[in-house]
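Please find below my notes on the model. They are set out as numbered points for checking against the coordinates.

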Amino acid sequence: SLRNYLAAAESGNVVAQINAAFLLERGTCLGMSPADCTNAAVRMWRAAARQGDVEACLRVGDFYYYGRLLGAEYEDGGRRRKSKGEWA
């Protein structure tokens with residue numbers, strides 16, 4: 001379940017981060033608003049990207065490219081990337 005993936009993701013498990021991000025992105029939000037759910041998904045994708053997962057790097061880029069981030073997340077989008085495969 002999403003709760004189990006989130007617990008494992010917080011401890012740094014990259015597979016759990018990817019699975020949690022996938023579920024959050026698909027709308028399994030545990031009562032969160034759609035905006036909070038999207039931000040949580042991006043947070044999980046970023047965590048996996050920081051550990052070198054290529055798909056996660058692509059997904060983070062997609063969120064910026066397609067304008068799916070809101071507020072400060074979106075405004076700061078172009079400056080978040082530090083280097084290839086490394087997200088702030």
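The points below go from the basis of the model to the fold, a helix pair, one arginine and the cysteines.

1. Basis. This is a predicted model, in which local features need pLDDT of at least 70 and side-chain atom pairs count only at pLDDT 80 or more, while totals for chains, interfaces and linings use all residues. Residues are numbered from 1 along each chain as its sequence is written, and side-chain values use heavy atoms, with hydrogens and water left out.

2. Fold. Five helices and two strands make up the secondary structure of the protein chain, in the order α-α-α-α-α-β-β along the sequence. Helices (H or I, at least four residues) and strands (E, at least two) are DSSP runs, numbered from the N terminus.

3. Burial and surface. Of the 88 residues in the protein chain, 33% are buried; buried means under 20% relative accessible area, exposed over 50%, and partly exposed in between (1.4 Å probe, protein chains only). The chain exposes about 5,200 Å², and carbon and sulfur atoms supply 52% of that area. Accessible areas come from the Shrake-Rupley method with a 1.4 Å probe, and for residues only the protein chains shown count as cover.

4. Contact range. Contact means heavy atoms within 4.5 Å. Among contacts in the protein chain between residues at least 6 apart in sequence, 47% join residues at least 24 apart.

5. Helices α3 and α4. The axes of α3 (residues 34-50) and α4 (residues 54-65) come within 7 Å and cross at roughly 140°. Axes are lines fitted to C-alpha atoms, for helices over the stretch in contact, and angles run from 0 to 180 degrees between N-to-C directions. On the α3 side the contact is made by T38, A41, V42, W45, R46, A48 and A49, and on the α4 side by E55, A56, C57, R59, V60, F63 and Y64.

6. R59. This residue lies in helix α4 and is buried, with a relative accessible area of 17%. Neighbours within four places in sequence aside, R59 is in contact with E25, R26 and W45.

7. Cysteines. A search of the whole structure finds one disulfide, a term for a pair of cysteine sulfur atoms within 2.5 Å. C29 and C37 form it, with their sulfur atoms 2.1 Å apart. The link of C29 and C37 is left-handed, with -85° about the S-S bond. Both C29 and C37 are buried. C57 is also buried, with a relative accessible area of 15%.
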